[in-house]
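Welcome! Please take a look at the sequence and the model below, and then we will walk through some of the details together.

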Amino acid sequence: MAEHQPVLIVDFGSQVTQLIARRVREAGVYCEIWPFPRVTAESLAAFGPHGIILSGGPASVTVEDAPRAPGAVFEQGVPVLGICYGQQTMVHQMGGRVALAEEHEYGRAGLTVRDSCALFDRVWTPGDTAQVWMSHGDRVEALPEGFRVVADSPNAPYAVVADDERRFYGLQFHPEVAHTPDGGKLLRNFVLTVCGCRGDWTMAAFRQESIRAIREQVGDGTVLLGLSGGVDSAVTAALVHEAVGERLTCVFVDHGLLREGEGEEVVRVFRDRFNVRLVHRDASYLFLGRLSGVDDPEEKRRIIGNTFIEVFEAEAEKAGGADFLAQGTLYPDVIESVSFTGGPSVTIKSHHNVGGLPERMNMALVEPLKELFKDEVRALGRELGLPETMVDRHPFPGPGLAIRLPGQAVTAEKVAMLRRADAIYLEEIRNAGLYDSIWQAFAVLLPVKTVGVMGDARTHDHALALRAVTSTDGMTADFYPFDAAFLGRVANRIVNEVPGINRVTYDCTSKPPGTIEWE
């Protein structure tokens with residue numbers, strides 16, 4: 001991606017490093033995240049960054065074996081921005097002094113702008129005060145030669161520092177998080193103004209480049225893709241189909257655990273609208289039969305995963321096999337498969353590789369989305385002409401409704417009950433114009449029955465929980481603050497329209513301490 005004047009983000013283990021990349025991408029600039037051991041003079045020369053950002057991290061530069069920015073970073077002749085730990089290691093390595101702060105700063109802090117700076121262009125002027133997000137125990141106490149202080153906070157006298165001649169900048173706070181309201185503008189100034197990047201990273205350009213790359217990789221070969229109906233696989237299918245046409249075969253295994261209408265939409269969009277060669281296998285009876293009596297969530301996942309592989313392999317064989325397997329691996333999956341120290345991560349997302357199928361079926365992988373974040377995938381989907389109902393669909397777990405029946409066995413009756421209640425809930429959210437303001441919303445059928453009164457008779461039926469959260473990446477989340485009238489309207493419809501449910505509750509737990517899904 002050198003033609004897009006890329007920026008390199010050197011990762012020192014911050015939990016929000018991916019947010020830096022997202023803010024840079026939002027400015028129209030291509031970037032990659034590398035763990036710091038990967039950065040060498042040779043790798044930098046090959047990548048050709050127009051700027052380098054040093055991330056935050058949990059270490060202390062005062063410790064002897066703390067991670068350091070490779071010296072080549074400061075010898076490239078390109079701008080460097082250090083964030084939190086990145087600022088501290090830059091200052092330390094260039095001859096300044098960093099020490100343990102007497103008072104740590106965690107959370108929102110007030111920043112005072114003392115001088116002008118290229119990062120502040122059209123954002124802050126001297127004398128301004130601004131809210132920023134701090135998270136540090138160490139702080140800079142003396143600057144290297146050539147640096148000046150341009151902003152401070154009560155516990156960080158060198159909150160923003162600058163070496164204008166070498167275009168080196170350091171921020172003690174985190175501009176990438178939402179709690180620093182002007183942070184995105186500062187990063188935009190760094191990549192566009194300071195680094196001089198063109199800002200030409202668009203999904204229109206990515207579409208054309210990816211089509212060329214897929215054609216070059218696949219040649220005259222054939223491609224197989226497991227289509228789930230989710231955003232990632234749908235966009236992958238549309239992109240690969242545009243590249244290779246009828247040499248793509250999509251296999252849609254319907255496990256009977258999808259949301260209402262999703263299976264029909266997959267067939268309608270890809271077979272009828274895009275004219276994709278689509279194999280549709282309704283295997284719901286097989287999946288539900290194997291899940292009978294199983295209430296352990298991990299066992300549910302295992303059964304669903306193994307059954308999917310079995311059915312997918314059988315359908316792929318009927319279709320004549322293929323040379324390549326396409327899948328919707330995203331950039332966060334790639335990042336999370338490698339730890340910031342450069343080795344394999346303990347959190348590698350093995351479920352993104354379809355059960356080892358590429359090796360078992362002797363196929364090479366095609367992963368055209370592996371450079372994209374989720375929001376970019378959605379933008380690419382619009383560029384490719386996918387319907388908004390598919391592109392903007394809330395995240396949905398691979399095991400589907402099976403894990404929204406916590407602590408209980410999966411039955412056709414319970415799935416049907418849950419599916420209908422979930423559809424009513426989502427319909428009311430759309431009617432209220434709230435769908436796009438919510439990261440994820442769904443219903444959970446609880447493993448308890450409660451007493452109720454309907455008409456002149458007492459009932460003893462299921463309780464249902466509603467869940468809705470706001471989030472940027474799913475790593476943390478807050479419950480959505482519906483008003484009581486909305487919740488009352490949804491509860492009334494569900495109790496009246498879905499036989500077997502007589503009580504509706506709302507989950508107001510954030511993540512952490514809870515998770516988004518219940519099981």
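## A residue on a loop

At 29% relative accessibility, Arg167 counts as partly exposed; buried means under 20% relative accessible area, exposed over 50%, and partly exposed in between, with a 1.4 Å probe and protein chains only. Arg167 sits in the loop between β8 (156–163) and β9. Helices (H or I, at least four residues) and strands (E, at least two) are DSSP runs, numbered from the N terminus. The phi of Arg167 is positive, near 60°, in a residue other than glycine.

Arg122 is another non-glycine residue with a positive phi, of about 65°. Arg122 belongs to the loop between β5 (97–113) and β6 (129–142), and it is exposed, with a relative accessible area of 69%.

## How to read the model

This is a predicted model, in which local features need pLDDT of at least 70, side-chain atom pairs count only at pLDDT 80 or more, and totals for chains, interfaces and linings use all residues. Residues are numbered from 1 along each chain as its sequence is written, and side-chain values use heavy atoms, with hydrogens and water left out.

The predictor's confidence in each residue is called pLDDT and runs from 0 to 100. The protein chain averages a pLDDT of 89, and 93% of the residues score at least 70. Over residues 343–354, pLDDT stays under 50, and the model has 22 contacts for this stretch beyond four places in sequence; a contact means heavy atoms within 4.5 Å. Where pLDDT is low, the predicted coordinates should not be read in detail.

## The nonpolar cores

How many residues does the largest nonpolar core have? It has 47, and those with the most contacts inside it are Tyr425, Ile429, Leu464, Phe482 and Ile494. Such a core is a set of buried Ala, Val, Leu, Ile, Met, Phe, Trp, Tyr and Cys residues joined through side-chain atoms within 4.5 Å. Among the elements that each supply at least two residues of this core are β11 (248–254), α9 (297–318), α14 (412–431) and α15 (484–497). The largest share, 8 residues, comes from α14.

Beyond four places in sequence, Ile494 touches Ala421, Ile424, Leu464, Leu466, Ile501 and Val504. A second, separate core has 43 residues, including Val7, Ala27, Cys117 and Ala151.

## An enclosed strand and a buried threonine

Strand β11 is largely enclosed by the rest of the structure, because 7 of its 7 residues are buried. Both of its faces are covered: Leu248, Cys250, Phe252 and Asp254 lie on one side, with Thr249, Val251 and Val253 on the other. Strand β10 (residues 223–226) runs parallel to β11 and is joined to it by 4 bridges; strands pair if DSSP finds at least two bridges between them. Within this pairing, Val223 has Leu248 as its bridge partner.

Thr450 is found in strand β15 and is buried, with a relative accessible area of 16%. Its side chain makes a polar contact with the side chain of Arg503 at 3.1 Å. A polar contact is a pair of N or O atoms within 3.5 Å; within protein, one must be able to donate a hydrogen and the other to accept it, and residues adjacent in sequence count only if both atoms are side-chain atoms.

Helix α9 has 22 residues and reaches 32 Å from its first C-alpha to its last, close to the 32 Å expected at 1.5 Å a residue; the expected span is 1.5 Å times one less than the number of residues. Asp296 caps its N-terminal end, with a side-chain oxygen 3.2 Å from the backbone nitrogen of Glu298. Among the buried residues of α9 are Ile303, Ile304, Thr307 and Val311. After α9 comes Gly320, with a positive phi near 100°.

Helix α4 (residues 183–194) has 12 residues and reaches 15 Å, close to the 16 Å expected. Its buried residues, including Leu186, Leu187 and Phe190, pack against β1, α1 (17–26), β3 (51–54), β4 (80–83) and β9 (168–171). Just after α4, Gly196 takes a positive phi of about 75°.

The peptide bond from Lys511 to Pro512 is cis, with omega near -15°. Another cis peptide bond joins Pro512 and Pro513, with omega about 10°. Pro513 lies in the segment after β18.
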